[in-house]
Amino acid sequence: MQWMAWTAPTAAFFALIALAIVVLTLIELKWPTSESQGWLPIATTRGDRFFISLLLAAYVHLSWLALIEASAIYASLLSLTLAVLVMRWG
């Protein structure tokens with residue numbers, strides 16, 4: 001595993017995504033989801049909205065690093081806010 005730079009933030013990132021997938025699986029088993037139409041242009045399930053929020057976070061972080069010189073923690077806060085909006089009303 002020497003080829004990858006496993007830093008503490010990198011490990012935490014992947015661990016939190018794995019934890020989120022486990023939590024979403026448990027929620028799905030307890031309360032099955034159905035497709036719903038929010039403000040996104042497609043009908044989505046809970047898992048679809050989670051995937052969309054992960055993609056959105058990647059784009060926000062890449063754009064932030066390319067265009068803004070402020071700390072990336074602000075991009076993370078923006079991504080978290082957008083993820084909550086997509087998960088709740090998307």
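Leu26 belongs to helix α1, where helices are DSSP runs of H or I with at least four residues, numbered from the N terminus. Leu26 is exposed, with a relative accessible area of 53%; exposed means over 50%, buried under 20% and partly exposed in between, with a 1.4 Å probe and protein chains only. This is a predicted model, in which local features need pLDDT of at least 70 and side-chain atom pairs count only at pLDDT 80 or more, while totals for chains, interfaces and linings use all residues. Residues are numbered from 1 along each chain as its sequence is written, and side-chain values use heavy atoms, with hydrogens and water left out.

**Packing of α1 and α2**

- Two packed helices are described by the angle between their axes and the distance between the axes.
- Helix α1 (residues 8–30) and α2 cross at roughly 165°, and their axes come within 11 Å; axes are lines fitted to C-alpha atoms, for helices over the stretch in contact, and angles run from 0 to 180 degrees between N-to-C directions.
- α1 is therefore roughly antiparallel to α2 (angles over 145 degrees count as roughly antiparallel, under 35 as roughly parallel, 65 to 115 as roughly perpendicular and the rest as oblique).
- The crossing of α1 and α2 is right-handed, a term used if the near helix is turned clockwise from the far one by less than a right angle.
- From α1, the contact draws on Ile17, Ala20, Ile21, Leu24, Ile27 and Glu28, and from α2 on Arg46, Phe50 and Leu54; contact means heavy atoms within 4.5 Å.
- By class, the α1 and α2 contact comprises seven nonpolar, no polar and two charged residues (Ala, Val, Leu, Ile, Met, Phe, Trp, Tyr, Cys and Pro count as nonpolar, Asp, Glu, Lys and Arg as charged, and the others, Gly among them, as polar).

**Packing of α2 and α3**

- Helix α2 (residues 46–67) packs against helix α3 (residues 72–89) at an angle of about 155°, with the axes 9 Å apart.
- At that angle, α2 is roughly antiparallel to α3.
- The α2 and α3 crossing is right-handed.
- Residues making this contact include Arg46, Phe50, Leu56, Val60 and Trp64 of α2, and Tyr74, Leu78, Leu82, Val86 and Met87 of α3.
- The contact of α2 with α3 has 15 nonpolar, four polar and two charged residues.

**Arg46**

- Arg46 lies in helix α2 and counts as buried because its relative accessibility is 18%.
- The side chains of Arg46 and Glu28 are joined by a polar contact of 3.2 Å; a polar contact is a pair of N or O atoms within 3.5 Å, where within protein one must be able to donate a hydrogen and the other to accept it, and residues adjacent in sequence count only if both atoms are side-chain atoms.
- A polar atom of the Arg46 side chain also lies 3.3 Å from the backbone oxygen of Trp31.
- Leaving aside neighbours within four places in sequence, Arg46 is in contact with Leu24, Ile27, Glu28, Trp31, Thr33 and Met87.

- Trp64, in helix α2, is buried, with a relative accessible area of 15%.
- Not counting residues up to four places away in sequence, Trp64 touches Ala70, Ser71, Ala72, Tyr74 and Ala75.
- Thr44 is in the loop between α1 and α2 and counts as buried at 0% relative accessibility.
- Residues up to four places away in sequence not being counted, Thr44 touches Ser34, Glu35, Ser36, Arg49, Ile52 and Gly90.

Key
Helices (H or I, at least four residues) and strands (E, at least two) are DSSP runs, numbered from the N terminus.
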